[in-house]
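Here is my notebook from an afternoon with one structure. I looked up sheets first, then helices, then the cores.

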Amino acid sequence: MPRVPVKLVTWDEIVEWSWKLAKSIEEANYIPDVIIGIARGGLVPARLLCDFLGVENFLSIQSQHWTEAAKASEKALIKFPYTVDLSGMRALVVDDIVDTGDSMILAKRFIESNWRPKEVKLAALQWISSVAKIKPDFYAIEVREWVWFQYPWTRLEDVTQFIKRMLTELCRESGRREWSYSDIVTSFREWYGVEVEDRYYREALRALAKKGVIESRDGTYIVKQC
Ligand code: AMP
């Protein structure tokens, strides 16, 4: 059993789910004048919905909650609370996933009171129905058991944070500081139940060395911050 349940999502799945989402919006006869992608996770699905629904107007709002892969910070916040006038417009707010629902709730509230569109509806590729505080108006996939979905646009960031967590926790638990590359890959598979392309491990290790979390010495990785 992996310590953190992870599912790798492919680009093909993203396109399939976005088509499915677009069809459900069309079938409900909701015709948005503007699509608002919640940054950063909602940007690719929102852009695909612009394409599949023929919407030209595209805005973004950064509602931040999960600052580290599979670890939520306490509170969601709007990072750049700028104002635009959407009066008379129908808006569709899009995110990749509704997990706790905090980001969506906050974005909706902010948009309604500051951007003042005529109507706001919510769409997400995935909705974790067992934990979310809200149900989006439109979704492609209902998820019942919590999993961290490793989306293709955040692969390097997630792998970097996952390796960092694994190395520091094992360092704290057992004092282990020295690792070979192949041990890291094997342990990553055990911890997260998935494998990624070689370049993601290599780039993640390079990033961690740059940050001083590890040091690379003659093919061995030494954990510096335990
Ligand atoms: P939340 O406010 O908890 O609904 O989630 C905020 C954002 O964090 C989502 O839009 C995703 O970008 C990311 N996120 C939260 N939970 C997950 C998950 N289980 N898998 C992948 N990404 C997630």
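**Entry 1: the six-stranded sheet**

I began with an open sheet of 6 strands, in the order β4-β3-β2-β5-β6-β7, with mixed pairing. Two strands count as paired if DSSP finds at least two bridges between them. Helices (H or I, at least four residues) and strands (E, at least two) are DSSP runs, numbered from the N terminus. At the edges I found β4 (77-78) and β7 (138-143); each has a single partner strand, so one side of each is left without a neighbour in the sheet.

A note on the source: this is a predicted model, where local features need pLDDT of at least 70 and side-chain atom pairs count only at pLDDT 80 or more, while totals for chains, interfaces and linings use all residues. Residues are numbered from 1 along each chain as its sequence is written, and side-chain values use heavy atoms, with hydrogens and water left out.

Next I looked at β5 (residues 90-98) and β6 (residues 119-128), which run parallel and are joined by 8 bridges. Across from A91 I found V120 in β6.

**Entry 2: helices on that sheet**

Helix α1 (residues 11-27) packs on the sheet and touches β5, β6 and β7. Its direction makes about 130° with that of β7. Angles run from 0 to 180 degrees between N-to-C directions, and axes are lines fitted to C-alpha atoms, for helices over the stretch in contact. Contact means heavy atoms within 4.5 Å.

Helix α3 (residues 102-115) also packs on the sheet, touching β2 (34-39), β3 (57-64), β4, β5 and β6.

Which residues of α2 (residues 43-53) are buried? I listed P45, A46, L48, L49, C50, F52 and L53. Buried means under 20% relative accessible area, exposed over 50%, and partly exposed in between (1.4 Å probe, protein chains only). These buried residues pack against α1, β2, β3, β5 and β6. After α2 comes G54, with a positive phi near 65°.

I then checked how α1 meets α2: the angle is about 55° and the axes are 9 Å apart. That makes α1 oblique to α2, since angles under 35 degrees count as roughly parallel, over 145 as roughly antiparallel, 65 to 115 as roughly perpendicular and the rest as oblique. Among the residues that meet are W11, I14 and W19 in α1 and V44, P45 and F52 in α2.

**Entry 3: the three-stranded sheet**

Another open sheet has 3 strands in the order β9-β11-β10, with antiparallel pairing. Its edge strands, β9 (178-180) and β10 (214-217), each pair on one side only. β9 and β11 share 3 bridges, and W179 has Y221 in β11 as its bridge partner. Helix α5 lies across β9 and β11, at about 90° to β9.

α5 and α6 pack at about 110°, with axes 11 Å apart. That makes α5 roughly perpendicular to α6. Y181, I184, V185 and F188 of α5 make the contact with D198, Y201, R202 and L205 of α6.

**Entry 4: the cores**

A nonpolar core is a set of buried Ala, Val, Leu, Ile, Met, Phe, Trp, Tyr and Cys residues joined through side-chain atoms within 4.5 Å. The largest one has 27 residues, and I163, M166, L167, I184, F188, Y192 and Y201 touch the most other members. Which element gives the largest share of this core? I found that α4 does, with 7 residues. Beyond its neighbours within four places in sequence, Y201 contacts residues including V159, I163 and F188. A second, separate core of 26 residues includes L21, A22, C50 and V55.
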